[in-house]
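Work through the exercises below with the sequence and the model at hand. Each task is followed by its solution.

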Amino acid sequence: MMTRITHTIAGLTVATAYIGMAGNHTYLSAIPVLLAGAIGGTLPDIDYHLGDARKTNTIWKHRGIGHTLLFLALCIAGFVYVGKYAHYNLNQEMMVFSLAFLSHLILDSFTMVGVPFLYPLTIKGFCLRLFRVGTIQEYGLITLPLLVFLVLTGIHIFPSSDIQYIFHNQYF
Ligand SMILES: [Zn+2]
């Protein structure tokens, strides 16, 4: 795992970018999309609790089953199932969840521990070994730029009339 804060910011950034591009959200309808981004961005690390973090030669470890495209496919199946039987259109939440989930796998693959994307085809982990988790490199190269992008895309999703209202308020 990268630090949870990095993954949460990445997931929320995916959501705000999506909401900004879709352009037709209300504050209320944006909430489930933001939640889907935050959950998708952090869910892969659930495997930390499913297995034994000290093991290396099994999929039941940290950076194991939660960090696979197979797990994402199971989650998508869950969205489709719930959407169908609850008669609720979850397509936007599913899309943002999936992109946020992928952002987690990609970000993790920048570090020193491999991500087993293709399990069960291969248990081999892929990583670029750019930096270690929790270091100044992670925060400087990933977390901070993501945070800036989150603020920029976050501002963008507020209707301009609301922003004008705030700045024309007499208390400003
Ligand atoms: Zn992770």
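**Exercise 1.** State which hand the crossing of H4 and H5 has.

Solution. The model is predicted: local features need pLDDT of at least 70, side-chain atom pairs count only at pLDDT 80 or more, and totals for chains, interfaces and linings use all residues. Residues are numbered from 1 along each chain as its sequence is written.
- Helices are DSSP runs of H or I with at least four residues, strands are runs of E with at least two, and both are numbered from the N terminus.
- A crossing is left-handed if the near helix is turned anticlockwise from the far one by less than a right angle, and right-handed if clockwise.
- H4 and H5 cross in the right-handed sense.

**Exercise 2.** Find how the directions of H4 and H5 relate.

Solution.
- H4 covers residues 69-86 and H5 residues 91-108; their axes come within 10 Å and cross at roughly 170°.
- Axes are lines fitted to C-alpha atoms, for helices over the stretch in contact, with angles from 0 to 180 degrees between N-to-C directions.
- Angles over 145 degrees count as roughly antiparallel, and H4 and H5 are therefore roughly antiparallel.

**Exercise 3.** List the residues by which H4 and H5 meet.

Solution.
- Two residues are in contact if their C-beta atoms, placed from the backbone, lie within 7 Å.
- From H4 come Leu72, Cys75, Ile76 and Phe79; from H5 come Glu93, Met94, Phe97, Ser98 and Phe101.

**Exercise 4.** Describe the protein as a whole.

Solution.
- There are 7 helices and 0 strands, in the order α-α-α-α-α-α-α.
- The C-alpha trace spans about 60 × 45 × 20 Å along its principal axes.

Conventions
Angles under 35 degrees count as roughly parallel, over 145 as roughly antiparallel, 65 to 115 as roughly perpendicular and the rest as oblique.
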